[in-house]
Amino acid sequence: MSDTTLETSAKATEKTTYAVESNGRLYYPVIGLEIHAELKTASKMFCPCRNDPDEEKPNVNVCAICMGHPGTLPVLNKQAIKHMVRIGTAIGGTVADFTEWDRKNYFYPDIPKAYQISQFAHPLITGGSLRGVGLTRIHLEEDTASSSHDKGDYSLVNFNRSGVPLMELVTEPVIRDAKTAGEFAKELQLLLRYLGAGEANMEKGEMRVEVNISVSTNPKAHEYIEDALRENKPVAKEAFSTFGIKTEVKNINSFRSAERSIEFELERHIKAIEAVLAEGISPTDTAAWKAALATKKLVQETRGFDESTGKTFSQRAKENSHDYMYFPDPDIPKLFISEIPEFGAHEIAAGMPALPWQVRDRFVNTFEMKAEDAEMFVQNSGFRNFFELVADALREKELIKLATNYVTSDLAGLIKKYGIGNESGVATATSTTIAIPVQNFADIIFMIKAGELSSRGAKDLLAMLFFAYYDIALPDTEEYKKDSASPLSRIPRDEILQKSTKEIAEAKGLVQKNDPEALNKMIAELVSAHPSVVADYKAGKEAALMFFVGQIMKASKGSVNPAAAKDAVIAYVQAL
Ligand SMILES: [Zn+2]
């Protein structure tokens, strides 16, 4: 075989979207993800112990089964299997009819049986895709205990986590950049939350992302991936011989870290490959190529990620899968999904909630939202549920669009500013509801439409409702306490909680008045007091009348709609 695979052929150059260029040469990243996520169930995978990730006291949710005592019999958790069937259905995968559990044999202090119950040959789910990334499989297993080695010259093991249901998802190696990997992981977290299958908080270890990275110099690698994506099928077996040396990064605690570790590894791989190419060694000379890469510290291995430095570091040489000596667990009965009526495709589909991508699509298409506005609702169940109810109350598309702005900018702004919800300042996909009653909010929108509220008045009214319903003391700032006449200066909370939005607006003088008689009386007084203004207008200075509008707004403390005032002034003066 000649060295032509290294040349950046015209064909390769046409498809450079996902290739990384370095010193005039193209490199083809190949990335796959392995994601573990704890499932939310009342009890553990094979025993009646509580599954409580928030339990802080060590070794309280334990029994003979999850401590690995001999002679015990594991019993399958139905809820965990149901979560899996729903996840598999949501991602369009194939739910296996026949499934079984295997023993994955290895010794470690956090694995008391010296094997983990997992699935090897018959995973529950195969295929499917999420955010355009094909999935190889999703299987169900038990989590290990957790150990800590940082207390002294000894280690501590906590068995609360031992036996918690854990899903392991493996993607096809079809990801080529850090951003796509991050988006995939975020979408999976969202899916698990929408399905109520898990919280998937990465910082709590409820979801753990591992990335597999290799870099190829062979454009064929890129073509194999394109083929798989286009035809929505697994990457061809032959493709793997075109991929580079694979490294796996573990110990990733956030989406950002997942992306940073990929960026770091891609650069590390490319630098090592460049150095070996500079020595005149060809990738087709496999043995020499691997040996030379090893001298540049690029070997197949597991690496950790250090958040403080943004670098990965070598942990251990990768075991091959046969090291685990998998064999079917003789203590656990084989499972035929079709024998369980409630796991039937029809039953599962009927109980399925709206999924993140369906919600995204509806908010963009039905409510005609900008993508970034829609995303706020997709990500935040509090906002999403609130908005759905507001939209039901408003009904008309025009009003719903108006409401979008008041939720995404004004209400979201207040919620963020005053730290409502979780630590990031906004409700998450599973957290807080909006405290302001839907009808009160909808009434603000109806009043704007009826010309009864100015946009300033609407913002003030919303702020009033916000402080009252969240029971937040009015901030001691100019904006809210500039003068005693300001509608926001003094708001008895009880009064707001008892009254309708319209009553509050009226009580605070925020309602724009549409009283033509009173308005005309005011105009008549202004005209007789300022004849020169009328003369200026008649002489062609159209802007002169804005003086009258300003005076009306001042005298009415903004309760007259400026547009209505302007129309009335023009009509009055023209009739003179
Ligand atoms: Zn137990």
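These entries record what I looked up in a predicted model.

**Entry 1: helices α10 and α12**

I began with helix α10, residues 381-394, and helix α12, residues 438-449. Their axes are 9 Å apart, and the two helices pack at an angle of about 55 degrees. That angle makes α10 oblique to α12. I noted the crossing of α10 and α12 as right-handed. I then looked up the residues that make the contact. On the α10 side they are Phe-386, Leu-389, Val-390, Ala-393 and Leu-394. On the α12 side they are Val-438, Gln-439, Phe-441, Ala-442 and Ile-445. Sorted by class, the contact of α10 with α12 has nine nonpolar residues, one polar residue and no charged residues.

**Entry 2: Arg-395**

I next turned to Arg-395, which lies in the loop between α10 and α11. Its phi is near 65 degrees, a positive value in a residue other than glycine. Is Arg-395 buried or exposed? I found 9 other C-beta atoms within 10 Å, so Arg-395 is exposed; the cut-off for this class is 12 or fewer.

**Entry 3: helices α17 and α19**

I looked up another helix pair, α17 (residues 516-529) and α19 (residues 546-555). Their axes come within 11 Å and cross at roughly 125 degrees. The angle makes α17 oblique to α19. The crossing of α17 and α19 is right-handed. Which residues of α17 meet α19? I listed Met-522, Ile-523 and Leu-526 in α17, which meet Phe-548, Gln-551, Ile-552 and Ala-555 in α19. By class, the contact of α17 with α19 has six nonpolar residues, one polar residue and no charged residues.

**Entry 4: a sheet of three strands**

I then examined an open sheet whose three strands have the order β6-β5-β17, with antiparallel pairing. Strands β6 (115-118) and β17 (327-328) stand at the edges, and each has a single partner strand, so one side of each is left without a neighbour in the sheet. As background, I noted that strands of a sheet pair through backbone hydrogen bonds, either parallel or antiparallel. Strand β5, residues 102-105, is joined to β17 by two bridges, and the two strands run antiparallel. I found Asp-102 opposite Pro-328 in β17.

**Entry 5: Met-325**

I placed Met-325 in the loop between β16 (311-317) and β17. Met-325 has a positive phi of about 50 degrees although it is not a glycine. Met-325 has 12 other C-beta atoms within 10 Å and is therefore exposed.

**Entry 6: strands β10 and β11**

I looked up strand β10, residues 146-152, for burial. How many of its seven residues are buried? The count is zero, and the strand is hardly covered. Four bridges join β10 to strand β11, residues 154-158, and these strands run antiparallel. A hairpin joins β10 to β11 through one residue. I noted Tyr-154 in β11 as the bridge partner of Gly-152.

**Entry 7: His-269**

Leaving aside neighbours within four places in sequence, I found His-269 in contact with Ile-213, Val-215, Gly-244 and Leu-298. I also looked up Gly-304, which is 35 residues from His-269 in sequence and 15 Å from His-269 in space, C-alpha to C-alpha.

Terms used: Residues numbered from 1 in each chain as written. Predicted model: local features only at pLDDT ≥ 70, side-chain atom pairs only at ≥ 80, totals over all residues. Axes fitted to C-alpha atoms, helices over the stretch in contact; angles between N-to-C directions. Parallel < 35°, antiparallel > 145°, perpendicular 65-115°, else oblique. Left-handed = near helix turned anticlockwise from the far one by under 90°. Contact = placed C-beta atoms within 7 Å. Nonpolar A, V, L, I, M, F, W, Y, C, P; charged D, E, K, R; others polar. Pairing = 2+ DSSP bridges. Buried ≥ 20, exposed ≤ 12 C-beta atoms within 10 Å, placed from the backbone.
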